[in-house]
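Let's take a walk through this one together, starting with its pockets and moving on to its helices and a salt bridge. Keep the structure open beside you as you read.

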Amino acid sequence: MREVNLYVIEHDRRLPSNGASLQWPERMLQGYDHAAEEEIVYVKSGQSFSSSSLLAQYPLLLLSEELSKIVMKFAPEITSKRVVVMDTEKYNQSFYHWMDLPKATCISPDQALIQSGQVMSIMADLSGLERTPAFTIPYYRTQLMIVRLELAERLLRAGIYGLNVRPIQITEGDM
């Protein structure tokens, strides 16, 4: 086993999280392969929604257009589907991409190091992802979006509002 230092891309916790205020179509909740190439998601009546760089509601992870463009430059082979978030009360719409990011397997989730509700260290099987610039690790009721150094640096330089880039230590191994 070896330790790999990578970076987690997540919604800035100082800003309101929007995932719970959305009505997700059932086919999206069934998985990426079940969704249409373009989906419309509505903001629940009486709920507030503010556009952010990342929307996460397990098992879904949506990236803003600005964020997804940068990820696609580093990983053009990753497919995505467009998602329009409609706020009919405010007559507003926001555009996102649901990317079919490769997935690593979490090993021993009970041994993950958690601080202040954030995963700081985790064991995962990264086989086959050695050159992948971005992938996810499903962990309980969330998905950790993991990126390599080059992509993390590019995202930080882009200064995307509402995005948090922080290091995570991954102990690599297999089952």
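Predicted model: local features only at pLDDT ≥ 70, side-chain atom pairs only at ≥ 80, totals over all residues.

To find its centre, look for Glu10, His11, Ala56, Thr142 and Gln143, which are the closest to it among the 25 lining residues. Strands do much of the talking here: strand E1 (2-11), strand E4 (54-57), strand E5 (60-64), strand E10 (118-125) and strand E12 (142-147) are the elements that each give two or more residues to the lining.

Next, hop over to the second largest pocket, with a volume of about 190 Å³. It has 14 lining residues, and Pro59, Trp98, Met99, Lys103 and Gln143 are the ones that lie nearest its centre. The elements giving two or more residues to this lining are E5, strand E7 (92-99) and strand E11 (134-139). Sorted by class, the lining of the second largest pocket comes out as nine nonpolar, three polar and two charged residues.

Now for the helices. Helix H2 (residues 65-74) and helix H3 (residues 149-158) have axes that come within 10 Å and cross at roughly 150°. That crossing of H2 and H3 is right-handed. Which residues of H2 and H3 meet? On the H2 side they are Glu66, Leu67, Ile70, Val71 and Phe74, and on the H3 side Glu150, Leu151, Arg154, Leu155 and Ala158. Count this contact by class and you get seven nonpolar, no polar and three charged residues.

Last stop: the salt bridges. There are four in the whole structure. In one of them, the side chains of Arg166 and Glu10 meet at 2.7 Å, N to O. Arg166 sits in strand E13 (residues 163-172) and Glu10 in strand E1, so this pair ties together parts that are 156 residues apart in sequence.

Definitions and conventions
Residues numbered from 1 in each chain as written. Heavy atoms only, no water. 1 Å grid on protein atoms, 1.4 Å probe; cavity = no way out; pocket = protein on both sides within 12 Å on 5 of 7 lines; lining within 4 Å. Helix = DSSP H or I, 4+ residues; strand = E, 2+ residues; numbered from the N terminus. Points joined across faces, edges and corners; volume = space filled by probe spheres on them. Nonpolar A, V, L, I, M, F, W, Y, C, P; charged D, E, K, R; others polar. Axes fitted to C-alpha atoms, helices over the stretch in contact; angles between N-to-C directions. Left-handed = near helix turned anticlockwise from the far one by under 90°. Contact = heavy atoms within 4.5 Å.
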